[in-house]
Amino acid sequence: MDFPDLDRFDQTILKVLSGDGRISIADLARRIGLSKSPTQARLRRLEKDGFITGYRALIDPIRLGLDHVAFVEVRLKDTREKALAEFNAAVRMLGEIEQAHMIASNFDYLLKIRAQSMSQYRAVLAEKISTLPHVASTSTFVAMEAVKETGMQGPL
């Protein structure tokens, strides 16, 4: 793919960091074929320009006992801009919601929920998700197995 703001060095930096966010500047420079100073300058620019939005540890939710995954379709009573903003703000406050996407379909949002068990999920659904602003109805789909779960390693 063509990214006009990114040359091949920038694209390689993003690709390498998406696989190893803890790589040293020296190793990154070696991998992309530049010296340390220009590599560090490019990295700072990619951060400043918002291509790199942060660094975080990828934590295995299964090791933490969060192996129950449910996808929830949410239909709202009201889809005017104010209602959407209120729903979005409330969703951002719930730690059990791993992902939330506005969908162009016969429902409005698709949420990915992680819990320790079905009973914990049912409590989250009843006490948190169903009480979010403007929720009219929900439908749950339980995942049996994660076949692929990765961050963006993208088209670069």
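Me: Where does Lys128 lie?
Reply: Lys128 lies in helix 5. Helices here are DSSP runs of H or I with at least four residues, strands are E runs of at least two, and both are numbered from the N terminus.

Me: What kind of model is this, and how are residues numbered?
Reply: It is a predicted model, with local features needing pLDDT of at least 70, side-chain atom pairs counting only at pLDDT 80 or more, and totals for chains, interfaces and linings using all residues. Residues are numbered from 1 along each chain as its sequence is written, and side-chain values use heavy atoms, leaving out hydrogens and water.

Me: Back to Lys128. How exposed is Lys128?
Reply: Lys128 has 32% relative accessibility, so it counts as partly exposed. The cut-offs: buried is under 20% relative accessible area, exposed is over 50%, and partly exposed is in between (1.4 Å probe, protein chains only).

Me: What does Lys128 contact beyond its sequence neighbours?
Reply: Leu94, Glu96 and Ala123, once neighbours within four places in sequence are set aside. Contact means heavy atoms within 4.5 Å.

Me: How far apart are Lys128 and Asp20?
Reply: In sequence, 108 residues. In space, 35 Å from C-alpha to C-alpha.

Me: Change of topic. Where is Asp67 found?
Reply: Asp67 sits in the loop between helix 3 and strand 1 (68–76). Its relative accessibility is 48%, so Asp67 counts as partly exposed.

Me: And how far is Asp67 from Arg114?
Reply: The two C-alpha atoms are 7.0 Å apart. Along the sequence, Asp67 and Arg114 are separated by 47 residues.

Me: Which residues does Asp67 touch?
Reply: Ile62, Ala115 and Gln116, not counting residues up to four places away in sequence.

Me: Where is the place of Ala57?
Reply: Ala57 is also in the loop between helix 3 and strand 1.

Me: Is Ala57 buried or exposed?
Reply: Exposed, because its relative accessible area is 59%. Its C-alpha is 9.3 Å from that of Arg22. Ala57 and Arg22 are 35 residues apart along the chain.

Me: Now the other end. What about phi of His134?
Reply: Phi of His134 is near 70 degrees. That is a positive value in a residue other than glycine.

Me: Where does His134 sit?
Reply: In the loop between helix 5 (118–129) and strand 4 (135–142). His134 is at 24% relative accessibility, so it counts as partly exposed.

Me: Where is Val135 found, and is it buried or exposed?
Reply: Val135 is in strand 4. It is buried, because its relative accessible area is 11%.

Me: Which residues does Val135 touch?
Reply: Leaving out residues up to four places away in sequence, Val135 touches Val74, Arg75, Leu76, Lys77, Phe87, Ile129 and Ser130. Asp78 is 57 residues from Val135 along the chain. Their C-alpha atoms are separated by 8.3 Å.

Me: On to packing. At what angle do helix 1 and helix 3 pack?
Reply: At about 75 degrees, with the axes 10 Å apart. Helix 1 covers residues 8–19. Axes are lines fitted to C-alpha atoms, for helices over the stretch in contact, and angles run from 0 to 180 degrees between N-to-C directions.

Me: Parallel or perpendicular?
Reply: The angle makes helix 1 roughly perpendicular to helix 3. That label covers 65 to 115 degrees; under 35 is roughly parallel, over 145 roughly antiparallel, and the rest oblique.

Me: Which residues meet there?
Reply: Helix 1 brings Phe9, Asp10, Ile13, Leu14 and Leu17. Helix 3 brings Thr39, Arg42, Leu43, Arg45 and Leu46. By class, this contact has six nonpolar, one polar and three charged residues. Ala, Val, Leu, Ile, Met, Phe, Trp, Tyr, Cys and Pro count as nonpolar, Asp, Glu, Lys and Arg as charged, and the others, Gly among them, as polar.

Me: How do helix 2 and helix 3 cross?
Reply: At roughly 100 degrees, and their axes come within 9 Å. Helix 2 is residues 25–32 and helix 3 is 36–48. The two are therefore roughly perpendicular to each other.

Me: Which residues make that contact?
Reply: From helix 2, Ile25, Ala26, Leu28, Ala29 and Ile32. From helix 3, Lys36, Thr39, Gln40 and Leu43. This contact divides into six nonpolar, two polar and one charged.
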